[in-house]
Amino acid sequence: MELSRLVKQRYTTKAFDPDRTLSAEQVSELKTLLQFSPSSTNSQPWHFVLAGSEEGRARIAQSTQEYNAAKIRNASHVVVLCTRATLDEAHLQAVLAQEERDGRFANAEAKQGQHTGRSFYANMHRFEMKDAQHWMEKQVYLALGTLLLGASVLNIDACPIEGFDPTILNQVLGLREKGYTASVIVALGYHAESDFNKHLPKSRLPQDAIFTEI
Ligand SMILES: Cc1cc2nc3c(=O)[nH]c(=O)nc-3n(C[C@H](O)[C@H](O)[C@H](O)COP(=O)(O)O)c2cc1C
């Protein structure tokens, strides 16, 4: 009930109030949302660049037209959700080692089984389906959904932004050298009084058009 109200209440903020900022505690909650987002085989093929400074936001804004740049400059915090350029063995081993530290394996056999299973899917997407990049980016978009819904629960306004030049953003954030590519941006903060979208009714296709119950 409460959740239905929240999903109808959340909306894409088109103008942010530059004088209102998120607290350190709110930022910490948002980081936890991203960290704990689910991903296929727990592959976590992502990296998040979080800009809480004017300089950081301005750097990200360089990759967008003014229409989106103003949102990025005036938001409190901006997250660039990045996708790994490769799902290599080093990353798979890093995930496996973390799962071990977190106590997920009763014995060496369980650990090996997990690695074999995850590698099977990684290799299938790399060498057979040849869509590893697309597969990884799907996981990043799950993190996007988690962040948008979570922000609304925290009463934080947000604007997801795909309207940017990835070549410029990869370059200004040095993402390519680090093995990542920018997938989507989210501006977070509080809406300005001038935000026209705040007062427009939400619009979605009706349920009978989008559901088939069998
Ligand atoms: C992946 C994604 C990319 C988007 N990119 C932009 C964008 O570049 N600029 C913008 O103003 N809105 C952007 N939007 C907002 C959508 O237009 C908006 O989510 C949609 O119209 C539904 O409205 P609502 O979010 O207010 O419910 C984007 C949304 C998503 C999910």
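## Working through a sheet and a ligand shell

Helix H4 (66-74), helix H7 (132-153) and S3 each give two or more residues to the shell around the ligand; helices (H or I, at least four residues) and strands (E, at least two) are DSSP runs, numbered from the N terminus. This is a predicted model: local features need pLDDT of at least 70, side-chain atom pairs count only at pLDDT 80 or more, and totals for chains, interfaces and linings use all residues. Residues are numbered from 1 along each chain as its sequence is written, and side-chain values use heavy atoms, with hydrogens and water left out.

**Exercise 1.** Work out the strand order of the open sheet.

- Step 1: The four strands run S1-S2-S4-S3, with antiparallel pairing; two strands pair if DSSP finds at least two bridges between them.
- Step 2: Now the edges: strand S1 (46-51) and strand S3 (157-161) each pair on one side only.
- Step 3: Look at where S3 meets strand S4 (residues 180-189): five bridges join them. Here isoleucine 161 stands opposite isoleucine 185 in S4.

**Exercise 2.** Find polar contacts (N or O atoms within 3.5 Å) between protein and ligand.

- Step 1: Start with asparagine 68, which has a polar side-chain atom 3.0 Å from a ligand nitrogen.

Methods. Polar contact = N/O pair within 3.5 Å; in protein donor to acceptor, adjacent residues only side chain to side chain.
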